[in-house]
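Visitor: I would like to learn how to read helix packing and sheet order in a model such as this one. Could you take me through it step by step?

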Amino acid sequence: MASKEMEMESFLKTEEGSESEPFLAEEVVTDSKFYNASTRVDPILPIALPPKGRILRFARWTVFGVYRRIFLSIFIINIWQGHRILTMKRRSKYSPLLVDISTAASANMLLAILMRQDYIINLIFKICWFVPFWTPLRLRRLLAKIYEYGGLHSGAAICSVLWFTLLAAILTWEFVTLRIADPLVIMCAFIVVGILWTMLVTAYPRFRASRHNTFENIHRFRGWAVLGIFWPELWLFTRALGHQAGPASPGAVLTKLPAFWLLMASCFHIALPWMRLRRLRIQPERLGVGVHAIRLHLSEKVSNCVVYRIADTPLKEWHSFACIPEKSGNGGSLIVSNAGDWTRRAINNPKKWYYTRGIPTVGVLCMAQLFRKVIIVTTGSGIGPCLGTMMNIPATRCRVLWSAPEPRHTFGDEICDRVLEVDPEAVVIDTHAVGRKDLVALAYKLYVEERAEAVFCVGIRHYPSILFAFGSMGVWRL
């Protein structure tokens, strides 16, 4: 990004007698612990941005990002295993081959399910964040990328679909050549493959973003249907192998089939979060004036740096919100901003009870505690997940860059005061007063001035372009 002079304007103009106290005043209050650097009368001096790298920049920060590298690794491992399975010398041409393919398909499905389990995610994150500060910075930065674990889920899920497709194709060939006489096993295989491909297509990022409710319903209900059909499919599969190669052949006994135990583990982990389905008692609190945001207070004890999934009804859409623990240690709160039809309903007509399932999971920002000093860039209600973490990692120095429309008016005094408690020199931009600012330039200035070790971007709508800008300049960011 070319360097340019930036003239720092007053972020908020003070009006005497106004109903709400401005978040950032023009005058400097030196005797207060909530001193804010953005209230200085002198302008923030411009800083030249470093040139963006040109060689392989696009490939490094987009095509071969960490998520896609993890995805590609899973794909390569499955290709290697597929070559080994298909070229292995066997006494029987088909029976052990079908068993190995069913095992590979079931193993990939179990891996995809495990990478969406609350306790697995929490365990992975907690192992990583216990790394001390004296560990080399390069290693800490590498461990902080653990939040890209979604590459394991998507890579294993796609490989599972491909393995099941191959299994169905071989079973069809066996049926056509009269090696398998039971049409039910073919019918079940085609139903499973059809459902899996539907789930795969609707998980495409553009479809998921534009029709998220449809994606969620298909993934939930058709996923359950697939697991339900798998059980008769496995039984028919073992019976077909027994007729084809004899009762002593591999796979002819259901309990000796690896896919049986893998399927049992998959079903257990799908059901596990629903075993902890419960209702949360909510005390709503209006933030500011209008329908911009609402704060939902929880009565149960809340851990640090966690995210709750809540829903009106268990079988409909679920939404995740970071929780801000109370100072007393009893209870916490979720900030819900107007970002869609569900959130709009929650703001206009909050319920006294919401459903939640599983256990609260840790958020991406908890990895900030791997570093001595970080810059946190957020917009709007993204300050909620930031506060829930920043307040509970005292060993890490957090500098805050927050852009929001009328912060005190929209989010209330308590939220704004907590921001200043964490970072008395927080840079807060009132977009209604001064418009949108170049967050990349401002964040880079803080990064250089503070000699920070990382930049975290939270709750930013166009975050990929911001992450790409930082990465291209050699700034380590999440």
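**Helix packing and a sheet**

Guide: Helix α6 (residues 150-176) and helix α7 (residues 183-202) pack with their axes 9 Å apart and at an angle of about 155 degrees, where axes are lines fitted to C-alpha atoms, for helices over the stretch in contact, and angles run from 0 to 180 degrees between N-to-C directions. Helices (H or I, at least four residues) and strands (E, at least two) are DSSP runs, numbered from the N terminus. This is a predicted model, in which local features need pLDDT of at least 70 and side-chain atom pairs count only at pLDDT 80 or more, while totals for chains, interfaces and linings use all residues. Residues are numbered from 1 along each chain as its sequence is written, and side-chain values use heavy atoms, with hydrogens and water left out.

Visitor: How are α6 and α7 oriented to each other, roughly parallel or roughly antiparallel?

Guide: Two packed helices are described by the angle between their axes and the distance between the axes. Here α6 and α7 are therefore roughly antiparallel (angles under 35 degrees count as roughly parallel, over 145 as roughly antiparallel, 65 to 115 as roughly perpendicular and the rest as oblique). The residues of their contact (heavy atoms within 4.5 Å) divide into 16 nonpolar, 2 polar and no charged, where Ala, Val, Leu, Ile, Met, Phe, Trp, Tyr, Cys and Pro count as nonpolar, Asp, Glu, Lys and Arg as charged, and the others, Gly among them, as polar.

Visitor: What is the order of the strands in the open sheet?

Guide: Strands of a sheet pair through backbone hydrogen bonds, either parallel or antiparallel. In this open sheet of 4 strands the order is β10-β9-β8-β11, with parallel pairing (two strands pair if DSSP finds at least two bridges between them). The edge strands, each pairing on one side only, are β10 (427-430) and β11, and the twist averages 15 degrees from one strand to the next. Strand β8 (residues 373-379) and β11 are joined in the parallel sense over 5 bridges, with Val-374 opposite Ala-454 and Thr-378 opposite Val-458.

Visitor: Is strand β11 largely enclosed or left open by the rest of the structure?

Guide: Strand β11 (residues 454-458) is largely enclosed, because 5 of its 5 residues are buried (under 20% relative accessible area, with exposed over 50% and partly exposed in between, for a 1.4 Å probe and protein chains only). In β8, Ile-376 counts as buried at 0% relative accessibility, and its contacts include Phe-456 and Leu-365.

Conventions:
Lists of a residue's contacts leave out its neighbours within four places in sequence.
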